[in-house]
Amino acid sequence: MKKHYFYIIILLVGSIISPISGYASETKDQDNKVILISFDGMRNDLTKEYVKDGNLPHIESLMKNGVAAKDSKTVTPSLTAPSHAAIATGATPSETGMVSNKWQDPHRELANGESAFHQPLDKSPLWKEAKKNGKTTATVLFPGSNPDAGSQADYAVYYGETWAESSLDKLNFNTADGGKHTEKSFSPLKEAKMKLPLKKAKNIEINILAMDTTDDGKTNYDRFIFSNDRSAAQDDSVAKVNEWGSFPVEVDRKSAGFWFKLKADPTLEKASIYRTSVTSGLIKGPDGFKEEINSKFGFFPVQDDTKAFKKGWISREEYEEISSRFVNWTTDVSLYIKEKYQPDLLMFYAPQIDHESHHFLLTDPRQPEYTEERSKKHMKYIEWSYKLADSVVGRTMDTLTKSDHLLIVSDHGMEPVHTILAPNTLLKKAGLLKSDKEGKVDEERSKAIAFASGSAAQIYINKDLSKEEKENVTKKVENLFSGYQIKPEFKKAALKQYFEEIGNTIVQKRFSDFDQKTKQFFNYLLHKKENPYQIADGSEEEKDHPNEGEILLLGAKGYMMGSSLTKAELPAIELGSHGGNPDRKELKAVFIAQGPSFKKDKNIGSITTLDIAPTVYKLLGIPSPDFLEGNILEDAIE
């Protein structure tokens, strides 16, 4: 009898302990939190090089205390929207619908294009699936997370409007006539007007009051009050000469604003003001969240102003201050959401590496205006952007708790370009694209058109053609581009670089690259023609998604594409591009991760951006959708 009771007690204890043990195991996953930061355009090879040189201490620390992939291969085409969609969903462009940064709307006329960054994803992203499974989610600027286009996270911040472009304006100061002020000026008050031309909104006139606050017997206007009227108020913007100031405005009931710097001599005989673009953000969340973010962090600042830097309106230092302000605002908001609302999944985005690389990646002697001296100067700009990313990583690492997993990823790399191609020009010469005298596409008579983005272009065949006509046009287009060749401009500096690259493959024992580099050297030495266009694999198959073109063109290394009807080849305007074959070293992305579930000081092999979403589902302990095309990074997890 006692033995009978003993077995009953054992069974009861077992039945109690077993579910508790299972719950504890599940809770470990449920307690996991994931912070994923995407640095747009961060090249795998450059990141590793900068780490080796000691320029990225926080990323180096992350690698030593976590996992780093040999490299990360992105999707085709290797563009921002398709690549971020792959990270967020674990699915390829033909599934997500993000087939480019811009594509032809299948329901509209031939010449119509759609921007991917304001469109919903066709496959459910991580933040939607996590939210569906009871997790708290947050996204800050992550491409594809636009809360006005499809499902949003619990807390969502995204790009809003640009209400006015940046400007450099002269100021004419005159003696102030009336108006209220609360401070003493030791020279007569002066005032000037600045007009703010807004798009889709009523223009604003800003009053600038100049004061001399130094009692030194000299005329020295040094303090400026910016207001919407001529009456001084506590919330007016105040700035000194050659110091940054900010001015918030409300446009269309949205919180917007701009930053400015006023430059003038002490007497105001010569005065000018540089003003950034007027921008606003898109903020969605629980009641009061938008007001909370605007109140605590101010209006959504402009991302950059390359135009102003290249025109000489601002110095390089001022340019970097503008860009840093944007990245710091994004980081401040993201980490504030992390700390206060403790989301289980936080995904945020920084664009500065991509932006700098597009404009300043000058490493190929075939690029316009290339010199070794200019290349070194430009590469300092690129290095600065990587250091800015490293500071974001460091700040984020300082906030990590024992349940946090930090994933550092990028969507693609970046490669230097020397030539811009015009596929529509070739289509027009072949009689496949028709246009009027102004260059506007004749939609009824055209049979094909190219929509370009970066180093890729989707070719769309007119949907009104018969099936047989479509097949014939498709074959003509394939033959046109696959057979097209150009003779590159010969430069001794380029030949020298090819020769140096061969030497580096031997010194670094990269013998797998030796044959390719040698072939490039002799082809260039003999001045052989090149095939600038490559037709992506699978283009001859029936397209899987309506957004896709019948043919996907990729630029060979050094080439990017445009949609305009220009010369067939022109010197590249941008110096860096992406969108081409993701197998190329320069286009490989990064993957680095740290957290309680990750191994330490572990190098794993090559991964793909499709593997990121399955791994995040694993970390969060929630079911993954059945459309995933990547794999869990088992080698990275304890």
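This is a predicted model: local features need pLDDT of at least 70, side-chain atom pairs count only at pLDDT 80 or more; totals for chains, interfaces and linings use all residues.
Helices are DSSP runs of H or I with at least four residues, strands are runs of E with at least two, and both are numbered from the N terminus.

Beyond its neighbours within four places in sequence, Ile37 is in contact (heavy atoms within 4.5 Å) with Phe348, Val392, Thr396, Leu406, Leu407, Ile408 and Val409.

## A four-stranded sheet

Four strands form an open sheet in the order E22-E23-E25-E24, with antiparallel pairing; strands pair if DSSP finds at least two bridges between them. Strands E22 (448–453) and E24 (533–535) are at the edges with a single partner strand each, so one side of each has no neighbour in the sheet. E23 (residues 456–461) and E25 (residues 551–555) are antiparallel and joined by four bridges, and Ala457 stands opposite Leu553 in E25.

Helix H13 (residues 467–482) lies across E22, E23, E24 and E25 and runs at about 150° to E23. Axes are lines fitted to C-alpha atoms, for helices over the stretch in contact, with angles from 0 to 180 degrees between N-to-C directions.

## Basis of the values

Residues are numbered from 1 along each chain as its sequence is written, and side-chain values use heavy atoms, without hydrogens and water. Local features need pLDDT of at least 70 and side-chain atom pairs count only at pLDDT 80 or more, while totals for chains, interfaces and linings use all residues.
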